[in-house]
Amino acid sequence: MSVANADISPTMLESSTVRDIPALDIDKCSPADRAEWVTNPPEPPGIWRDLLNSLRDTMFPNPTKLFSPKRNTGIALLGTLLQAVFPILSWGRSYNLAMFKHDIFSGLTLASLCIPQSIGYANLAKLDPQYGLYTSIVPPLVYAVLGTSREIAIGPVAIVSLLLPSLIGKIQDPAADPLAYRNLIFTTTFFAGIFQAAFGFLRLGFLVDFLSHAAIVGFMGGAAIVIGLQQLKGLLGLTHFTNKTDIISVLEAVFGSFRHENTRWNPLNFIIGCSFLSFILITRLLGKKYKKLFGLAVIAPLLSVILSTLLVFLTRADQHGVKIVKRVPAGLNPISTRHLQFHSPQISQITTASLIVAVIALTEAIAVGRSFASMKGYTIDGNREMVALGCMNLAGSLTSCYTATGSFSRTAVNFTAGCQTAVSNIVMAVTVMISLEVLTKLLYFTPNAILASIILSALPGLIDFHQAYNIWKIDKLDFFACLGAFLGVLFLSVEFGLLLSIVISFAKIILISIKPGTEILGKLPGTDTFGDIHQYPMALNTPGVLILRVKSSLLCFANANFIKDRILRMISNEEDASGKRAIQFLVIDLSNLMNIDTSGIGSLEELQNGLGGSGVELAIANPKWEVIHKLRVANFVGKLKGKVFLSVGEAVDACVAAKLGAMI
């Protein structure tokens, strides 16, 4: 078998000194030859080569396709670059009338759900209703041009609508100065867009992964309950309500409304809200059970708005204590550039809030986009999605929008309605534009209670008890991160719950890193494979040879001494149990170890010295490229006196042979 047949990536060829190696006859290769392969590999790529490759991947993620001979003309290359920047130019070439019919239906269906939800979410964000509608126009249009997901529905969402007043409300009270609060929301949206686009351009998508799946499940569940409690203001018709989001403050405000005359609740609001909430939930259940009623379930929120508005208008219920939306300005998004507060004294707090909002919005959008893309058998580019989301929020901040992202509930409706491309977002945005131009006067008598009921109807999907139970069964530490996020959001604040979940997740990583486990390996009968003797009780031990594998990919300053002390303690325990020196050789399987630092090398040297004092010889097997290179540079390979092997099996055979040789 020739080495030329092996798969060698272009990066490997560029980043290392590949020597001319003659074809090898495997039958004639001795263990010494194979040990030579391990101890004398080519030079691994240096740090500058790694940085250069990373930069190249960032700028040109697919250079082979981009610079192929078929695209060697300037026009063809420009077309390819434009398609990379604007995905709509790629899929638009194959767009046809049949697809457009599906997208028209999906977009109109989406608009019927989006319009009432957008007004409700604006209310949740403590903004006037029109800002929710504005946010359903510009961001979806920008995303349709730049985004890679075909199904995702862009617009305001519950989590971000809760997060913004929770963060910005501490800087500016929305009740005291609504315009100043609105301006800070626009500024936060601007910086959130900057962060999102920067994450995409610099390929920093891994930052979003700091929010683990468990943390997101807990955060979403806690936020859903907090959002539901916030809707009690509209559902009960309360005039004054707390700006705090924790459950204790909200319940105090609710129960206080029963005692104080000036904040007393109105039963008519409660009756209207609960009646239409029941209607929406019942139609949703019927829509899931009977596919023919899917359309009714989708337009139920819009029907609720129409019917409740008509009811209030005909009965003049607003004169009997029913709180209504009142005036919604007609017209399209006004330019908001002059409202951005770049010179605000609280700019540092605003940018911090923007970073939190950006990460949460990205996490939700990418999770939604990937979920529905997998159902249709294609993938989305996370970094391009970040750029698209960032650009749409930048554009939104300049056109009176607050932070938008992908909505799971509306995306599910869009998917079920049969959308084919992002044109459904364009149809939805155009429908909202028409509504803003001609229908806003009809919203004057819309009761606030109906907006609360629409938001409440969207919350059950955010609480996932099944996932929480699965997390508990699979990983208890993950469940504590989930529980920390849930309780933190519920009893403290949204941002504290988020921070607590991240801290617990990082604590888990640090704990695993600084105190990694070790496995004692034995040979599986009838094979050449060595496995953990606890996982495989039938594994056979080799007398006089202890085989260990460290369950860590990095041997560094954080865990090196812990691992060294544990190994020496294991050797000592073996000797104490037998009353004599039971172990003559220690073989460490380094196949898990991806890298090592100077502290790790120092601990190996100390381990070898400690073993030497006990008469135990050290051998290593299957070290990775970076690891063996650093061990060789540090002259540790020479100290092992040839006890470096390609596999655990060869290391054990050599140790047994040496043991037998010493006995003769």
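## Cysteines

C391 is partly exposed, at 24% relative accessibility. C556 is buried, with a relative accessible area of 9%. Here buried means under 20% relative accessible area, exposed over 50%, and partly exposed in between (1.4 Å probe, protein chains only). The structure holds 0 disulfides, a disulfide being a pair of cysteine sulfur atoms within 2.5 Å.

## Basis of the model

The model is predicted: local features need pLDDT of at least 70, side-chain atom pairs count only at pLDDT 80 or more, and totals for chains, interfaces and linings use all residues. Residues are numbered from 1 along each chain as its sequence is written, and side-chain values use heavy atoms, with hydrogens and water left out.

## Nonpolar surface patch

A nonpolar patch on the surface is formed by I248, L477, F480, L483, L487, F491, L492, F496 and L511. Together they have about 770 Å² of accessible area, computed by the Shrake-Rupley method with a 1.4 Å probe, where for residues only the protein chains shown count as cover. Patch residues have over 30% relative accessible area and no salt bridge; like charges are joined within 9 Å, nonpolar side chains (Val, Leu, Ile, Met, Phe, Trp, Tyr) within 5 Å. A salt bridge is a side-chain nitrogen of Lys or Arg within 4 Å of a carboxyl oxygen of Asp or Glu.

Two elements, α23 (476-491) and α24 (494-514), each give two or more residues to the patch. The most come from α23, with 5 residues. Helices (H or I, at least four residues) and strands (E, at least two) are DSSP runs, numbered from the N terminus. L492 sits in the loop between α23 and α24. L492 is partly exposed, with a relative accessible area of 47%.

## Buried loop residues

Q231 lies in the loop between α12 (213-230) and α13 (232-236). Q231 is buried, at 4% relative accessibility. Not counting residues up to four places away in sequence, Q231 touches L124, A452, I455 and L456. Contact means heavy atoms within 4.5 Å.

A317 belongs to the loop between α16 (294-315) and α17 (347-375). A317 is buried too, at 10% relative accessibility. With neighbours within four places in sequence left aside, A317 contacts V312 and V322. The C-alpha atoms of A317 and N269 are separated by 9.4 Å, and the two residues are 48 residues apart along the chain.

T542 is in the loop between β4 (530-532) and β5 (545-550). T542 is buried, with a relative accessible area of 17%. Beyond its neighbours within four places in sequence, T542 is in contact with V652 and V656.
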